[in-house]
Amino acid sequence: LMNMITGVMGQVIGSLHGESSTQTIGEFLNSLPDYNYVQGESVLSDLLMALARRLTFGDMVGIIRGNDSSVALLQQPLQQFVQENLLQGAQPTRNVLQTALTNLVDDCFQELDQAVSTVPTRDNINLAETMHKFLSTRLLDILVLVMTEDNSNFPSRVMPMVRLVMAEGTALALHCLADGQQGLERLFQNSS
């Protein structure tokens with residue numbers, strides 16, 4: 001674990017100081033002795049690894065900083081992941097993407113239900129169902145953008161949309177949780 005932390009910190013600090021490395025995050029992770037990614041075990045892990053295989057730590061720093069050229073690097077691996085794992089060759093129309101997204105969120109429902117079961121909600125709100133509906137609806141716009149937007153416009157459109165969806169999801173969770181911010185913090189701690 002310490003090797004990983006030290007290695008990540010070194011890569012990030014180097015990137016912040018303008019040092020560029022061609023090693024992808026995936027290559028870095030695979031060089032760690034305790035790293036054990038298993039493809040197909042989790043769709044979220046598969047998505048993150050699809051990105052890690054293409055991005056360097058410098059790219060990630062650029063994405064966090066909102067650098068358009070770095071953000072643009074996300075689109076192609078995201079498109080490939082969606083095409084291969086969600087659409088299985090179908091054309092990315094809005095209806096097809098909605099069905100694929102709903103199926104994905106349905107597949108993750110048990111994990112979502114388990115994660116939210118540890119926090120009390122207001123007025124008997126079913127937080128798992130609420131978040132399921134939110135994710136099935138609000139992630140669609142991001143998915144459509146990933147699959148159809150011209151790459152030159154992608155960075156300027158996707159980051160504000162992601163921020164908005166994250167803010168809406170946070171506000172929704174805070175509204176549903178009986179103990180607000182503390183419940184949200186506990187939810188994140190229990191999910192990690």
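The largest nonpolar core holds 44 residues, and the members that touch the most others are L74, V82, L97, L127 and F154. Such a core is a set of buried Ala, Val, Leu, Ile, Met, Phe, Trp, Tyr and Cys residues joined through side-chain atoms within 4.5 Å. Helix α9 (residues 127-148) gives the most to this core, with 11 residues. In soluble globular proteins, nonpolar side chains tend to be buried together. Leaving aside neighbours within four places in sequence, L127 is in contact (heavy atoms within 4.5 Å) with V116, V119, T121, C176 and L177.

The model is predicted: local features need pLDDT of at least 70 and side-chain atom pairs count only at pLDDT 80 or more, whereas totals for chains, interfaces and linings use all residues. Residues are numbered from 1 along each chain as its sequence is written, and side-chain values use heavy atoms, with hydrogens and water left out.

The protein chain contains 11 helices and 0 strands. Helices (H or I, at least four residues) and strands (E, at least two) are DSSP runs, numbered from the N terminus. The radius of gyration, taken over C-alpha atoms, is 18 Å, close to the 16 Å that the globule rule (2.2 Å times the number of residues to the power 0.38) gives for 192 residues, so the chain is as compact as a globular protein of that length. Along its principal axes, the C-alpha trace spans about 50 × 40 × 30 Å. Of the contacts between residues at least 6 apart in sequence, 64% join residues at least 24 apart.

The accessible surface, from the Shrake-Rupley method with a 1.4 Å probe, comes to about 11600 Å²; carbon and sulfur atoms account for 54% of this surface. Buried residues make up 35% of the 192 residues. Here buried means under 20% relative accessible area, exposed over 50%, and partly exposed in between (1.4 Å probe, protein chains only). Two residues are set out below.

| Residue | Relative accessible area | Class |
|---|---|---|
| T24 | 11% | buried |
| P160 | 40% | partly exposed |

T24 is placed in the loop between α1 (2-16) and α2 (25-30). Not counting residues up to four places away in sequence, T24 touches A52, R53, R54, L55 and T56. P160 belongs to helix α10 (residues 154-176). From P160 to L78 the separation is 82 residues in sequence and 17 Å in space, C-alpha to C-alpha.
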